[in-house]
Amino acid sequence: MKVLKLIWKNSMRHKLRTSLTIFGIAIAVIAFGFLRTVVTAWYAGVEASAANRLVTRNSVSFIFPLPYAYRDRIARIPGVETVSFANWFGGVYIDKNRFFARMAVDAGTILDAYPEFRVSPEQFDAFLKERNACIVGADLARQYGFKIGDIIPMDGDIYPGKWEFVVRAIYQPRDEKIDGTQFFFHWTYLNERMRAEMPGRAGEVGWYIIKIADPADAASISGQIDEMFVNSRAETKTETEAAFQQSFIQGTSLIINLFNFISFVIIGIIMLVLGNTMIMSARERTKEYAVLKTLGFSGQHIVGLIAGESMIISVLAGGLGLLLTYPVVGAFSLVVPKSWFPVFYIEPSTIVLAGTAALLVGIAAAFFPIQRALRTTIVDGLRFVG
Amino acid sequence: MPSIIEVQSVSKSYWRDSFEVPVLNSITLSVPEGEFLGLMGPSGSGKTTLLNLIAGIDKPNGGSITVAGTNIAALSESQLAKWRSTHVGFIFQFYNLLPVLTAYENVELPLLLTSLSKANRRKHVEAALSVVGLSDRMDHYPKQLSGGQEQRVAIARAIATDPTILVADEPTGDLDKHSAEEILTLLERLNKEFKKTIVMVTHDPRAAERAHVVRHLDKGELK
């Protein structure tokens with residue numbers, strides 16, 4: 001027999017209590033993992049931002065357009081590799097509940113600007129050749145059953161009228177951090193319709209996406225772009241893509257901070273649950289610890305017995321919780337429309353954080369029982385009636 | 001016979017809230033090697049306290065206690081723990097076996113503190129259980145044993161490391177007459193056959209009859 005066996009047997013002495021503690025902690029770990037995943041999903045756009053991409057928008061507001069004519073002037077700035085652009089299309093597909101991001105983009109440059117959207121050369125050629133062709137993300141295609149050749153009808157709202165798009169390409173996100181629910185079509189298609197139906201809105205671009213050669217030049221190029229259009233009818237604001245994405249979620253930062261806070265409160269709850277179990281267990285064994293000390297076991301042995309038991313429970317509970325977090329997050333992403341959280345996955349850092357928290361809690365929860373066991377003299381321990 | 005236990009002018013008192021309660025007053029006692037000493041006395045006379053001091057699980061306020069040449073009153077807690085593991089076998093009134101361990105594992109417990117290999121530990125455990133006549137019960141848990149059998153396992157645990165002295169605190173106090181006789185016979189055998197020095201605290205005059213020498217404690221003084 002080894003001391004480890006004694007620790008294990010002690011842990012399983014009250015099977016119901018240990019099981020309830022393990023399940024309680026596991027549920028808390030699931031809640032922690034889930035909340036962290038929601039927070040991660042919220043920041044997915046920021047996280048997926050490339051350091052070598054800048055976004056130029058109207059300095060007044062994102063909803064005001066910029067002239068198409070800015071494109072060539074921006075492209076001439078040293079250090080700029082690619083200038084692409086996009087317009088938020090909006091629109092309604094079947095009904096308003098079926099929301100996903102729909103954008104009119106510069107067909108020729110969009111994949112240069114976003115290499116993380118992967119399209120086969122054949123499909124991309126087909127997309128380029130057809131005026132009302134569109135590219136849909138693989139997740140979006142899965143969600144709505146879109147296939148190559150399908151026609152997607154839409155009612156325009158920002159750009160009124162009936163619109164029809166033909167699926168000519170399906171992009172695969174480079175990895176799970178990339179949004180696979182976007183919808184791109186030719187900006188020229190949009191512009192032609194505007195020129196014909198609403199000439200005042202022709203030649204407008206929602207924002208420019210600028211790929212630069214060296215991320216270290218981001219500040220200087222941003223400055224040059226904005227300087228270039230000072231005192232024009234549409235002044236610009238250029239920032240890194242991460243800052244641009246951040247501005248979208250700034251309004252919800254309070255909720256996200258609350259989520260973050262709650263996720264760490266959960267760790268506190270885990271500690272209280274385990275701490276309570278350990279205090280009860282150690283109290284019940286006061287006499288046994290005194291007997292072990294009488295036999296010659298040292299204070300270190302007692303520390304090992306109590307901390308070991310606490311660690312066993314926390315590791316089992318943490319492991320179970322982490323194991324169950326995957327199906328829970330998976331089920332959530334199936335139930336909730338993909339467009340709510342286009343990127344919803346458990347980050348490795350969440351697993352590491354939850355695992356580390358469970359281990360640390362295991363150590364912390366043993367602190368008071370250890371202190372009490374060490375303080376109790378053998379004589380008092382042998383007299384103890386639990 | 002040389003003395004294996006030398007208690008010199010030992011005093012002990014406890015604090016109950018803000019009151020100091022004297023328990024032992026300048027006790028002097030000498031126990032020769034191979035002795036079977038019985039300590040008797042009324043409740044509160046200090047006999048268990050004296051036993052605890054001799055076993056090194058409590059410390060005196062004054063005086064010295066020398067067991068097998070070591071002044072244990074001067075040892076630190078960790079030194080005392082180590083000393084106890086090699087020199088003392090303790091037999092409790094209520095056996096104090098760990099309920100989650102089998103008889104074998106309970107006897108093996110003090111051997112885990114030694115450098116013995118698993119095979120050697122097994123030899124020691126089997127020998128100890130054989131001495132107490134429980135070779136066939138080694139895989140039983142305490143709850144599957146009678147009180148007398150539990151106490152025999154506790155004795156096997158006490159002798160497994162071949163300690164210098166055995167101390168027993170009311171070893172028959174929780175047993176019926178028959179089981180008590182068995183335990184006392186076993187202790188006698190350990191004393192005679194295996195030359196173990198035994199200090200036993202008891203209330204029971206029949207138990208005390210088995211001891212070579214009986215000393216009485218009253219109000220913290222040895223008579």
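Let's start in the middle: the largest nonpolar core has 108 residues, and Val29(A), Ile54(B), Ala156(B), Val167(B) and Val199(B) touch the most other members. H2(A) gives this core its largest share, 8 residues. A nonpolar core here is a set of buried Ala, Val, Leu, Ile, Met, Phe, Trp, Tyr and Cys residues joined through C-beta atoms within 7 Å. Buried means that 20 or more other C-beta atoms lie within 10 Å of a residue's own, with C-beta atoms placed from the backbone.

This is a predicted model, where local features need pLDDT of at least 70 and side-chain atom pairs count only at pLDDT 80 or more, while totals for chains, interfaces and linings use all residues. Residues are numbered from 1 along each chain as its sequence is written, and chains are lettered from A and ligands numbered from 1 in the order in which they are written.

Take Ile54(B): setting aside neighbours within four places in sequence, Ile54(B) is in contact (C-beta atoms, placed from the backbone, within 7 Å) with Ile5(B), Val7(B), Ile65(B), Val67(B), Val167(B) and Val199(B). There's also a second, separate core of 50 residues, including Val55(A) and Phe244(A).

Now for two helix pairs. Helices are DSSP runs (H or I, at least four residues), numbered from the N terminus. Axes are lines fitted to C-alpha atoms over the stretch in contact, and angles run from 0 to 180 degrees between N-to-C directions.

| Helix pair | Angle | Axes apart |
|---|---|---|
| H2(A) (15-42) and H11(A) (253-284) | about 165° | 9 Å |
| H11(A) (253-284) and H15(A) (367-375) | about 20° | 8 Å |

So H2(A) is roughly antiparallel to H11(A) (over 145 degrees), whereas H11(A) and H15(A) are roughly parallel to each other (under 35 degrees). Among the residues that meet in the H2(A) and H11(A) contact are Phe32(A) and Trp42(A) from H2(A), and Phe259(A) and Ile270(A) from H11(A). In the other pair, Gly275(A), Met278(A), Ile279(A) and Ala282(A) of H11(A) meet Phe368(A), Pro369(A), Arg372(A) and Ala373(A) of H15(A).

Finally, where do the chains touch? 17 residues of chain A are in contact with 19 residues of chain B. On chain A's side, helices H1 (3-11), H12 (286-295) and H16 (378-383) each supply at least two residues, and H12(A) gives the most, with 6 residues.

Note on methods: Contact = placed C-beta atoms within 7 Å. Parallel < 35°, antiparallel > 145°, perpendicular 65-115°, else oblique. Buried ≥ 20, exposed ≤ 12 C-beta atoms within 10 Å, placed from the backbone.
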